[in-house]
Amino acid sequence: MNKKTITVFAASILTCSVFAGALGTTWANQTATPVTTQQATKANEAATQNTFRNIKLAEPALLYTLKGEASVFEGTYQYAVKQGKHVLAKGFGTASQGGPEWGTFAQTVKIPVSELIENEPLTLEMFEVNQENGEIINKLSVPLNSSDKVKNNNVFRNLKLAAPSVVYTVAGEASVFEGTYQYAVKQGEQVVAKGFGTASKGGPEWGQFSQEIVIPLSNLSQNKPSILELFEIDQESGQMKNKMVLPLK
C-alpha cells in the first residue's frame, strides 16, 4: 500500500463504531434436517454464553511509534499529534539521558479513530518547553503518513517511524479452563492476528479479562470485513470450542 494513503485508508476502514453481538459457530459437513441444525445452533449459543459474558469492544485506535535520540533538558520532551490545527493527542516522554548528552527514546502514540478527520494528513510534533518563559522551542514536525520524510534537528536525531498499527481492546468475563482463552482476528479465511490471554480466575468461576490486540495496518484489507473470535481449546482433543464471534467494523 502507498504509505502516503495510510491515514486515509485507516480512517475509511475504521471510522464505523465497533460493536459486539452475533454469536456463531462454523459447522462442517452438516447433513441434519433444518430442525436439528437449529437445535445445534441454540445449544452452541448456550455453551458460548456460559463461557464469555459482558463482552465490550472499545473504540479502535491507530498506533504510531517513533524511536530515536534526544538531547533535551532533563531528558524530557513534549509531543502533539495534529490534523491541521486540530490536536488529536498530546503528552510528554523521557529519553534515557538528559541534555547535553544524547539519550534514546521510543514514543508510542494512540489516536482514537473517532478523532480522525478524513483526507487530512497526520503530523507528530516533537519539541521542548523553555524553562524560563514556557515557550515551545526546537520543534520538529514528523509526517505520520511517510517514514521517508522523517528528519533531524539540533535536539532530535536518528528518528525512525514504525509502520502504523490498529489497536482493538476487548474486555469482559470468561469462565474457561485455568482462565486461559484464545483469540483470532480474521478477514474472510485469512488470520491477521491471533494469540491468547488469561482471565483473573479459572472456570467454573468467572474471571475478568482485558485484551489489547495490535494488528499492523498493512495486514488489513480495505474491502473485507473483520471479525474477532474468542474461544477455548479442548484439553483432550485440542479442538476449538465455545467460540464467540464479534464483528469489527
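1. In this predicted model, Ala184 has Lys194 of strand E11 as its bridge partner. E11 covers residues 190-198 and pairs with E10 in the antiparallel sense over 8 bridges; two strands pair if DSSP finds at least two bridges between them. Helices (H or I, at least four residues) and strands (E, at least two) are DSSP runs, numbered from the N terminus. The hairpin of E10 and E11 has 2 residues between the strands, and Gly188 in this hairpin takes a positive phi near 65°.

2. On the basis of the model: residues are numbered from 1 along each chain as its sequence is written, and side-chain values use heavy atoms, with hydrogens and water left out. Because the model is predicted, local features need pLDDT of at least 70 and side-chain atom pairs count only at pLDDT 80 or more, whereas totals for chains, interfaces and linings use all residues.

3. Overall content. The secondary structure comes to 2 helices and 14 strands. The protein has 249 residues, of which 41% count as buried; buried means under 20% relative accessible area, exposed over 50%, and partly exposed in between (1.4 Å probe, protein chains only). The accessible surface is about 13700 Å², with 48% of it belonging to carbon and sulfur atoms; these areas come from the Shrake-Rupley method with a 1.4 Å probe, and for residues only the protein chains shown count as cover. Among contacts between residues at least 6 apart in sequence, 68% join residues at least 24 apart, where contact means heavy atoms within 4.5 Å.

4. Aromatic pairs. The structure holds 4 of them. The rings of Tyr77 and Phe105 have centres 5.0 Å apart and planes at 55°, so this pair is tilted. For Phe, Tyr and Trp (its six-membered ring), rings pair if their centres lie within 6.5 Å; planes under 30 degrees apart count as stacked, over 60 as edge-to-face and the rest as tilted. Tyr77 lies in strand E3 (residues 76-83) and Phe105 in strand E5 (residues 103-112), so the pair ties together parts that are 28 residues apart in sequence. Tyr77 is buried at a relative accessible area of 1%, and Phe105 is buried at 5%. One aromatic cluster is formed by Tyr77, Phe105 and Phe156.

5. Another tilted aromatic pair is formed by Tyr181 and Phe209, at 4.7 Å centre to centre and with 45° between the planes. Tyr181 belongs to strand E10 (residues 180-187) and Phe209 to strand E12 (residues 207-216), so that distant parts of the chain, 28 residues apart, are linked. Tyr181 and Phe209 are both buried.

6. Charges over rings. The charged end of Arg53 sits over the ring of Trp206, 4.1 Å from its centre. Arg157 lies over the face of Trp102, at 4.0 Å from the ring centre. A charge sits over a ring if NZ of Lys or CZ of Arg is within 6 Å of the ring centre and within 35 degrees of the ring normal.

7. An open sheet of 4 strands runs in the order E4-E3-E6-E7, with antiparallel pairing. Its edge strands are E4 (86-94) and E7 (136-143), each pairing on one side only. Neighbouring strands of this sheet are turned by 20° against each other on average, direction ignored; axes are lines fitted to C-alpha atoms, for helices over the stretch in contact, and angles run from 0 to 180 degrees between N-to-C directions. E6 and E7 pair in the antiparallel sense over 6 bridges, and Glu125 stands opposite Ser141 in E7.

8. Glu120 is placed in the loop between E5 and strand E6 (123-129). Its relative accessible area is 34%, so Glu120 is partly exposed. Glu120 and Gln83 are 37 residues apart in sequence, while their C-alpha atoms are 5.8 Å apart in space.

9. Backbone points to check. Most residues other than glycine have a negative phi, and most peptide bonds are trans. The peptide bond from Gly99 to Pro100 is cis, with omega near 10°; Pro100 is in the loop between E4 and E5. Gly203 and Pro204 are also joined by a cis peptide bond, with omega about 10°, and Pro204 is in the loop between E11 and E12.

10. Asn54, in strand E1 (residues 52-57), has a positive phi near 55° and counts as exposed at 52% relative accessibility. Glu74, in the loop between strand E2 (61-70) and E3, has a positive phi of about 55° although it is not a glycine. At 59% relative accessibility, Glu74 counts as exposed.
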